[in-house]
Amino acid sequence: MSSGRHRLPSPTAATTRRLVLSPLGISAVVVALVVAAAIAVPLGIGALGCGDTRYLRVSATQSVAPVLREAATEFNAERPSYGGDCVYAQVDEIAPHRIMTALAGDDTDSGIAPHVWVPESSAWVELARMSAGGTRGIETDPPSLASSPVVMAAPEGTEGMPDPDATDWTLVLPGERDPERPLVMVDPNRGADGMAVMHAVRRHLGGGDAADTAMTDFVRDVQTDSAFGEIDLSAFFTGAHRDGARPAPVIVVPEQSVVSYNANRPGAAPPLLAHYPREGTVSLDYPYVTTTDTPSLRSAAADLYEVLRAGPHRDRLRELGFRDPGGEASAALADRPGIIAEPPPVHGDLTGDALLASVTDWNRLSMPSRTLVLADVSANMAEDLNGGGGESRMEAARQAALLGLGLFPDATDMGLWLMSEEYGEAGREEAAGMHRLGDAEEGREATRRQELVETAETIDVQGGGSRLYDNILNAYDEVQSAYDEEKINSVILLTAGQDEGSSDLSHAELVAALEDRFDPRRPVSLFIIAFGGQADREELRGVAAATSGSLFVTDDPDEIGDIFLSSISRRLCVPDCDN
């Protein structure tokens with residue numbers, strides 16, 4: 001990311017100032033000025049001697065847009081022309097992920113692609129250049145207008161919060177703060193500050209299965225409170241008393257947001273402190289990116305940048321709470337409450353593969369699921385889980401089903417099949433078809449989640465063989481036949497792990513059939529949780545591996561929560577998982 005100030009080459013603007021003396025001309029100019037003042041569009045600009053009128057579309061992130069608008073007003077007042085064409089700057093606020101998509105050529109709404117782009121971070125520029133569309137025409141080293149480090153914001157005196165200069169990124173992890181205190185961050189697809197959090201968590205956790213499980217736990221913890229755009233701190237800290245409300249959140253935002261909130265907060269709202277991670281944070285650099293190849297517009301973009309570099313607009317950025325491009329705090333900023341004026345430790349690691357990994361990890365772990373649960377209710381499920389006379393495999397499976405239902409969000413599509421020879425020729429009962437957990441079927445008040453909870457609480461052993469291999473293939477075909485591109489598609493098997501010749505299919509035939517059906521571009525994975533030491537481990541491992549899935553064998557009910565998190569974390573490696 002850019003960390004210092006650069007200077008754009010500024011072609012000389014041939015500014016037209018033709019004096020129109022005729023009554024008709026004067027009328028046209030007057031009308032143009034009136035309309036411009038009313039709706040900010042220079043309808044009479046042609047009367048000023050322009051061969052053509054071009055609009056310089058400028059898209060800025062919300063926090064810096066006011067300064068861009070002020071600079072555009074000053075730029076437009078000069079009525080600049082380039083090669084006989086007048087150029088008029090227009091500033092809008094469009095989310096950076098939409099601009100990135102438009103520049104990469106993946107957005108049908110091509111009208112939003114700007115000529116000048118000021119996102120909050122050069123990370124967006126790199127993502128655009130690395131995209132499938134390969135946006136190569138935009139600048140590789142755009143100048144920075146300002147900077148603001150990513151911090152954690154919390155009210156003064158928040159219980160459990162360390163000193164502002166003694167904070168670690170581990171504070172965002174579950175278990176490192178009050179379990180009732182939410183962490184709020186921007187969805188990494190929508191903000192570089194969210195990307196910074198994901199990168200910091202991954203850097204702390206490292207790689208491997210245990211790290212992926214911990215990352216899964218983190219994403220599931222913060223997903224419901226994630227924001228889809230720039231966070232307005234005043235929406236969280238209004239000063240109004242709320243009975244029974246959760247503790248005040250810890251919120252990851254740019255430092256500038258803390259400054260702005262403290263300067264404008266209502267009297268009853270708590271002042272906020274910015275907490276600076278000691279391991280280093282990401283500094284947002286607000287790059288001024290020219291994206292057009294049109295000579296007149298490039299010249300206009302360069303001249304608008306020169307206007308922005310002038311003292312009044314630099315001072316305005318400082319007033320709004322931004323640091324200078326190099327990270328220095330102005331005297332005005334240093335006096336603001338809630339921040340530490342000394343530049344915090346920052347790094348530029350959020351680039352390239354790390355950037356893509358941060359977004360990819362989040363997307364795979366937060367993506368909704370479409371899963372069919374296949375529950376074994378054969379005679380083997382009546383046996384003790386660990387041979388010690390404790391709870392049965394069926395009781396452990398029931399506990400696993402209820403726990404699993406609590407881990408999946410409302411957007412999950414889930415169905416339930418019970419398998420036993422006692423259910424007749426098919427060897428199963430299709431207890432619940434695929435349906436969103438948060439929705440109720442027509443004519444019913446209970447949601448699918450509530451219905452499945454009631455079903456899981458009453459699941460019991462039916463006896464007979466499991467028809468395990470036949471049912472696995474039928475369940476796999478069921479999920480694959482209606483594959484959903486917008487969800488993670490899977491089969492979750494809760495079983496004693498023994499077929500014992502009850503299926504028409506052999507183990508080898510099942511594995512061959514799954515290997516033939518598995519499509520890496522449309523993966524359906526099989527996650528097997530086997531209860532008790534009698535499970536046919538090698539056979540089940542081969543079945544899971546055929547679909548880039550996983551096998552977990554347990555005789556300890558306390559492991560079930562970690563097993564579910566581990567199985568969900570396998571999303572990070574599909575379709576290339578080792579079993």
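Guide: We begin with residue classes: Ala, Val, Leu, Ile, Met, Phe, Trp, Tyr, Cys and Pro count as nonpolar, Asp, Glu, Lys and Arg as charged, and the others, Gly among them, as polar. Note also that this is a predicted model.

Visitor: How many nonpolar, polar and charged residues are in the lining of the largest cavity?

Guide: That lining has 14 nonpolar residues, two polar ones and no charged ones. The largest cavity has a volume of about 140 Å³, and a search of the whole structure finds five cavities of 30 Å³ or more.

Visitor: Which residues are closest to the centre of the largest cavity?

Guide: Val373, Ala401, Leu405, Met414 and Leu416 are the closest, out of 16 lining residues. By element, β12 (369-376), α12 (393-407), β13 (413-419), α13 (448-458) and β15 each supply at least two residues of the lining. The most comes from α12, with four residues.

Visitor: How much space lies in the largest pocket?

Guide: A pocket, unlike a cavity, is an open set of points. The largest pocket holds about 700 Å³ of space. It is lined by 35 residues, and Gln62, Ser63, Glu230, Ile231 and Ser257 are the closest to its centre.

Visitor: Which element gives the most to the lining of the largest pocket?

Guide: Helix α7 does, with six residues. Both β7 (250-254) and α7 (255-264) supply at least two residues each. By class, the pocket lining divides into 16 nonpolar, 10 polar and nine charged residues.

Visitor: Now the helices. At what angle do the axes of α6 and α17 cross?

Guide: Two packed helices are described by the angle between their axes and the distance between the axes. Here the axes of α6 (residues 209-222) and α17 (residues 560-569) cross at roughly 95° and come within 8 Å. Angles of 65 to 115 degrees count as roughly perpendicular, so α6 is roughly perpendicular to α17. On the α6 side the contact is made by Asp212, Thr213, Thr216, Asp217 and Arg220, and on the α17 side by Asp562, Leu565, Ser566, Ile568 and Ser569. These contact residues divide into two nonpolar, four polar and four charged.

Visitor: How do the axes of helix α8 and helix α9 cross?

Guide: The axes of α8 (residues 295-309) and α9 (residues 311-319) cross at roughly 65° and come within 5 Å. The two helices are therefore roughly perpendicular to each other. Val307, Leu308 and Arg309 of α8 make the contact with Gly311, His313 and Arg314 of α9. By class, the contact residues are two nonpolar, two polar and two charged.

Visitor: Last, single residues. Is Thr495 buried or exposed?

Guide: Buried means under 20% relative accessible area. Thr495 has a relative accessible area of 0%, so Thr495 is buried. Thr495 lies in strand β15 (residues 488-495). Leaving aside neighbours within four places in sequence, Thr495 is in contact with Asp376, Met381, Met419, Leu468, Ile528, Ile529, Ala530 and Phe531.

Visitor: And Gly157, buried or exposed?

Guide: Exposed means over 50%. Gly157 has a relative accessible area of 78%, so Gly157 is exposed. Gly157 lies in the loop between β5 (148-155) and β6 (183-184). The C-alpha atoms of Gly157 and Leu273 are separated by 9.2 Å, and the two residues are 116 residues apart along the chain.

Terms used:
Residues are numbered from 1 along each chain as its sequence is written. This is a predicted model: local features need pLDDT of at least 70, side-chain atom pairs count only at pLDDT 80 or more; totals for chains, interfaces and linings use all residues. Side-chain values use heavy atoms; hydrogens and water are left out. Buried means under 20% relative accessible area, exposed over 50%, partly exposed in between (1.4 Å probe, protein chains only). Contact means heavy atoms within 4.5 Å. Axes are lines fitted to C-alpha atoms, for helices over the stretch in contact, and angles run from 0 to 180 degrees between N-to-C directions. Angles under 35 degrees count as roughly parallel, over 145 as roughly antiparallel, 65 to 115 as roughly perpendicular and the rest as oblique. On a 1 Å grid over the protein atoms alone, a cavity is a set of points where a 1.4 Å probe fits but cannot get out, and a pocket is an open set with protein on both sides within 12 Å along at least five of seven lines; lining residues have an atom within 4 Å of a point. Grid points are joined across faces, edges and corners, and a volume is the space filled by probe spheres set on the points.
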